[in-house]
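Welcome! Please take a moment to look over the sequence and the 3D view, and then read on for a short tour.

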Amino acid sequence: DLKNWTEFLKNKSGLEDIYAYLKIGFLSTFSYLVKEQIDKESIEQAFPESPLIRFKLALLPKGNPLNLEKLTQDDPQFYEAFFFLGQKAFDRRMLVTAEKNFLKAYEQIPESSSLVISLASIYFAFEEQEKSLEFYEETLTLAPAHRDALLGKAMCLSYLGRHEEAIDVCNTI
């Protein structure tokens, strides 16, 4: 139950960064139920050098994307950080920066459907329909019923003048 889980994480989160990481994730989801907020400062003080904690805190709604950039400079193999940097850049319509970060993550995490569809969206925004279509199809290979990928595929096919194929995809949706 939530009370036991909250108490467990409270006791363990100061001992090891993995428990602090779990506590951040738990409270960011269930703080409204357990009436406890994330104490970012105490977690940062307890684990100032932990890439895992720096990563998780940077992802919070009020997290600082500059912390993600620093994390990628300190540890260029922290590919998940590149994905989230790409998302933040995409949200700010900085498409070239987003593409660069997504591609860096994609080099090592090509099995992430979220990452692959993000690349499809980038190329759709660049109006590179063929390339976008390739990534939508790759997303569908990873997650065959992915509705956004199906819709993106249908739109790409339509823009490419392949209307019958687009209609077939729409019927699937």
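## A first look

The protein has an accessible surface of about 10300 Å², and 52% of that belongs to carbon and sulfur atoms; such areas come from the Shrake-Rupley method with a 1.4 Å probe, and for residues only the protein chains shown count as cover. This is a predicted model, in which local features need pLDDT of at least 70 and side-chain atom pairs count only at pLDDT 80 or more, while totals for chains, interfaces and linings use all residues. Residues are numbered from 1 along each chain as its sequence is written, and side-chain values use heavy atoms, with hydrogens and water left out.

**Overall shape**

- The secondary structure comes to eleven helices and zero strands, where helices (H or I, at least four residues) and strands (E, at least two) are DSSP runs numbered from the N terminus.
- The radius of gyration is 20 Å, well over the 16 Å that the globule rule gives for 173 residues, so the protein is more spread out than a compact globule. This radius is taken over C-alpha atoms, and the rule is 2.2 Å times the number of residues to the power 0.38.
- Along its principal axes, the C-alpha trace spans about 60 × 40 × 25 Å.
- Of the 173 residues, 38% are buried, meaning under 20% relative accessible area, with exposed over 50% and partly exposed in between (1.4 Å probe, protein chains only).
- Among contacts (heavy atoms within 4.5 Å) between residues at least 6 apart in sequence, 37% join residues at least 24 apart.

**The largest nonpolar core**

- A nonpolar core is a set of buried Ala, Val, Leu, Ile, Met, Phe, Trp, Tyr and Cys residues joined through side-chain atoms within 4.5 Å.
- The largest one here has 28 residues, of which Phe102, Leu115, Ile122, Phe135 and Tyr136 touch the most other members.
- Two or more residues each come from helix 6 (79–91), helix 7 (95–106), helix 8 (113–125), helix 9 (129–142), helix 10 (147–159) and helix 11 (163–172). Helix 8 gives the most, with eight residues.

- The twelve residues of helix 7 should span 16 Å at 1.5 Å a residue, and its end C-alpha atoms are 16 Å apart, which agrees. The expected span is 1.5 Å times one less than the number of residues.
- Leu95, Ala98, Glu99, Asn101, Phe102 and Ala105 are the buried residues of helix 7, and their cover includes helix 6 and helix 8.
- Ser132 is found in helix 9 and counts as buried because its relative accessibility is 0%.
- Not counting residues up to four places away in sequence, Ser132 touches Ala120, Tyr123, Phe124 and Cys156.

**Cysteines**

- The count of disulfides (pairs of cysteine sulfur atoms within 2.5 Å) comes to zero.
- The sulfur of Cys170 is 12 Å from the closest cysteine sulfur, in Cys156, too far for a bond.
- Cys156 counts as buried at 0% relative accessibility, whereas Cys170 counts as partly exposed at 43%.

**A buried loop residue**

- Leu60 lies in the loop between helix 4 (51–59) and helix 5 (65–74), and at 10% relative accessibility Leu60 counts as buried.
- Leaving aside neighbours within four places in sequence, Leu60 is in contact with Ile24, Ser28, Ile38 and Lys40.
- Leu60 and Ile38 are 22 residues apart along the chain, and their C-alpha atoms are separated by 9.9 Å.
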